[in-house]
Amino acid sequence: MYLELPKKFKVLTDMATNLSVEMLRPISRKYDRAEHDYPKELDLVASMLDGMNDGEGGAGVGADQSKQKNQEKTGIRNGANMAACVGIQGFCWGDVGLLLTLPRQGLGNAAIGAVANEEQAKRFAGKWAAMAITEPGTGSDSANISTTAKKDGEYYVLNGEKIYVTAGARADIIVVWATLDKSAGRAAIKSFAVERGTPGMEVTRLEKKLGIKASDTAAISFSDCRVHESNLLGNPEIDTKKGFGGVMQTFDNTRPLVAAMAVGVAKAALDRTKELMKECTSCDYSSPIQSVTSAEAEIYRMEAEWEAARLLTLQAAWMADNGKPNSMEASMAKAKAGRTCNSITLKCVELCGSLGYGEDELLEKWSRDSKILDIFEGTQQIQQLIVARRLLNLSSAELK
Amino acid sequence: MSRDPLGLAMATMSRLASSAWVEKMGLRPTIEKLTYQGTKTGFQAMGAASRQFKSVSQLLRPERLEAPAQPKLQFDLSITEEQQMMRDSVRGFATEVLRPAAGANDEACEMDPELLKQANELGLTYFAVPENLGGAATERSPVTSMLIAEDLAYGDMGLAVAILSTIGVANALTHWGTAAQQSKYLPAFLDENTLQAAIAVNEQRPLFNADQLSTTAQETADGYVLNGTKTLVPLIDKAELFLVAASLDGKPRVFIVESGSEGLTIASKPNMGIRAAAMGDLDLAEVKVSKEALLGDDTFDYQAFINFARLGWCALAVGTAQAVLDYVIPYCNERVAFGEPISHRQAVAFMIANIGIELNAMRLMTQRAVALAEQGKPFAREAYLARVLCAEKAMEIGTNGVQLLGGHGFTKEHPVELWYRDLRAIAIMDGGLQL
């Protein structure tokens with residue numbers, strides 16, 4: 001038993017820190033103000049990352065690193081999932097908004113990585129893929145989507161409206177969830193890779209948001225949008241036994257990654273707060289928490305909560321790397337990291353007072369960015385529901 | 001507190017009423033026992049008569065055990081096969097023997113000697129004493145100690161402390177003791193006539209800080225003179241050997257004190273929880289000890305000593321919190337209100353989810369600090385943060401455990417009220433254990 005990162009990840013963390021300090025933080029405020037402007041500086045970052053991903057396997061920061069790689073070696077591994085968590089944490093210590101709009105590293109890429117067949121994987125390689133699930137009337141209850149896909153010869157015809165599509169106006173491909181037959185329930189939900197420029201698919205709006213402004217969030221409408229059947233990801237049959245599993249399996253891999261984002265943002269706020277407060281606090285990790293100043297106690301508590309969130313995230317990634325089912329642990333990590341990141345970033349603003357609240361520092365930005373991390377990829381409440389059902393061994397019909 | 005006339009009258013009436021009630025209920029023996037255990041008797045009781053500690057063979061150098069070999073230092077949550085076997089037997093003992101006995105031993109404020117005998121048959125002490133001194137320990141694994149603590153506490157925390165107190169002293173002697181100290185004391189832990197021992201760190205005052213001790217050690221020509229009072233000392237009336245934290249020249253150190261020492265008195269003092277561990281106060285009035293009584297040499301690390309205790313309590317918290325979780329799950333699945341099991345309500349289910357999440361977090365934080373310690377790496381920060389997290393979440397889990405059972409949880413029909421009382425200790429204890 002040992003819970004430290006292996007030495008081989010040091011290159012990765014150093015790289016992420018340098019990237020954050022030299023390339024991300026300097027443009028953080030710029031794109032927080034210039035919402036909807038594409039951060040062109042990211043093209044360079046993305047090609048750097050592409051280069052690294054092509055080299056030594058598993059050293060990336062992107063979501064597409066998340067798929068379970070075949071285990072070649074026996075024994076315990078610290079593999080691609082953990083590397084992705086470490087990389088993402090480091091990147092988000094720089095800026096989470098910029099990560100979310102990093103070309104070719106979208107959640108759609110993760111979906112393609114998880115379920116694409118060989119031909120699709122080859123065809124979509126090097127493309128930037130966004131993910132379109134949420135609809136105006138359907139949020140956490142994603143099995144309830146009403147965007148339809150009707151078979152018409154070799155094509156599927158898509159109709160419906162998608163919202164909250166991260167990088168929807170920037171990506172090359174939109175991975176869309178649509179139902180083949182709403183009456184057949186979750187088993188009929190399939191995902192389709194729709195290439196930009198496909199007639200019938202149109203970006204209708206870009207959201208104005210509380211945070212992660214660097215990351216564009218699009219509303220996309222589909223009206224008689226014809227998608228070739230070779231773009232359906234996964235099994236085209238309506239298999240009621242397998243049900244929702246196919247599409248939901250993506251989430252088991254991506255929840256720890258979003259948890260890692262939260263861990264990174266929280267660390268940014270905590271580090272900066274400790275830096276700003278170093279004149280008035282001294283944390284020696286020795287005096288009992290009951291006896292230190294209130295501000296020091298807050299820092300200790302935040303640090304403990306942060307470490308807990310981080311370890312839960314690494315646990316979920318470690319389990320994935322070692323072929324252990326981690327659905328519950330992934331949700332635990334996401335729940336803990338999401339709420340911890342939000343409370344830490346907000347507490348840091350409070351502790352730093354006007355420095356925290358003003359735009360001279362990035363603390364206020366991080367406290368706005370953090371809110372989404374407790375919402376997307378499954379809200380706090382959805383994660384608790386997943387954990388509770390697992391622990392109590394209850395179905396979704398019993399524990400609604 | 002000064003009393004006005006009305007207050008005095010009320011005090012008298014209440015005394016009369018309670019004594020009449022005592023007679024009527026025939027509860028005299030219980031009350032007398034409580035009086036003996038209470039502070040009113042002061043430090044009249046002598047400690048347990050201590051045996052003669054004699055070195056059978058004299059070590060030239062202290063035995064220092066190495067950490068078990070780790071094939072490759074990387075993130076790894078798995079445990080070894082030996083650890084798994086150990087866990088299985090300890091967990092079995094905790095579930096089948098300790099848990100059913102928890103209530104009675106809690107009420108008796110001590111561990112049934114028969115039960116202790118059974119616990120000793122697990123042979124845990126042998127793994128704390130190096131092979132060269134007659135034990136079975138070839139390596140020193142705080143991780144294994146942590147797993148054992150967790151599993152024992154899954155049965156009952158009070159009984160776990162009663163069992164681990166003695167082992168903790170052996171662990172400390174193995175880890176820090178000089179050759180002379182190890183030769184003199186460690187073999188006694190394997191005596192047929194079981195030795196009991198305890199670590200005394202806490203002192204009775206608000207905002208106690210283990211770095212700033214009131215108990216003092218004054219150096220003399222032939223040793224040290226100890227003065228002060230320790231509290232929350234397990235096995236208070238049975239322990240023959242104490243490790244006492246005291247301030248020497250303004251710096252905290254630890255002294256080996258035999259229970260028969262002149263000037264040493266004890267008082268049993270039950271607390272709200274951990275009652276089966278028979279905790280009490282240890283008073284040292286001009287207690288003279290030899291030069292050899294100072295634990296370890298200049299390399300002694302008091303901070304690490306305290307952290308090995310705190311992490312022990314974190315491990316206990318994990319075990320008890322797991323017991324809470326495993327108890328409330330079937331309860332809430334079976335308990336019906338408004339026509340369906342209460343677990344079908346999110347208000348209940350989410351509370352259980354959060355117990356699961358925070359328990360997992362407590363375990364990982366504890367494991368991380370202990371694994372670092374096992375590798376001989378700095379672990380003060382990780383231990384501190386583990387304590388901060390466990391102290392808070394353990395109590396949260398304890399109180400929610402009772403809450404989930406409602407009124408039933410408040411009664412002794414269910415163990416959750418015991419766990420509630422036990423879990424309050426995690427934020428307080430600085431001694432008593434040593435991983």
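Before I show anything, one definition: helix axes here are lines fitted to C-alpha atoms over the stretch in contact, and their angles run from 0 to 180 degrees between N-to-C directions. Helices themselves are DSSP runs of H or I with at least four residues, numbered from the N terminus.

Okay, so what are we looking at? This is a predicted model, where local features need pLDDT of at least 70, side-chain atom pairs count only at pLDDT 80 or more, and totals for chains, interfaces and linings use all residues. Residues are numbered from 1 along each chain as its sequence is written, with chains lettered from A and ligands numbered from 1 in the order in which they are written.

Helix 5 (residues 142-155) and helix 9 (residues 346-374) of chain B have axes that come within 8 Å and cross at roughly 150 degrees. On the helix 5 side, the contact uses B:Pro142, B:Val143 and B:Met146; helix 9 of chain B brings B:Thr366, B:Val370, B:Ala371, B:Ala373 and B:Glu374. Contact, by the way, means C-beta atoms, placed from the backbone, within 7 Å.

How do the two chains meet? You've got 38 residues of chain A touching 38 residues of chain B. Helix 8 (294-321), helix 9 (327-352) and helix 12 (380-392) of chain A each give two or more residues to chain A's side, and helix 8 of chain A has the largest share, with 11 residues.

Back inside chain A, look at helix 5, residues 107-115. Nine of its nine residues are buried, so helix 5 of chain A is largely enclosed by the rest of the structure. Buried means 20 or more other C-beta atoms within 10 Å of the residue's own, all placed from the backbone. Among those buried residues are A:Leu107, A:Asn109, A:Ile112 and A:Val115.

Last thing: how far do we trust it? The predictor gives the complex an ipTM of 0.91 and a pTM of 0.92. Chain B averages a pLDDT of 91, and 91% of the residues score at least 70; pLDDT is the predictor's per-residue confidence, from 0 to 100. Over residues 28-36 of chain B, though, the pLDDT is below 50.

How values were computed:
Two residues are in contact if their C-beta atoms, placed from the backbone, lie within 7 Å. A residue is buried if 20 or more other C-beta atoms lie within 10 Å of its own, exposed if 12 or fewer, and partly exposed in between; C-beta atoms are placed from the backbone.
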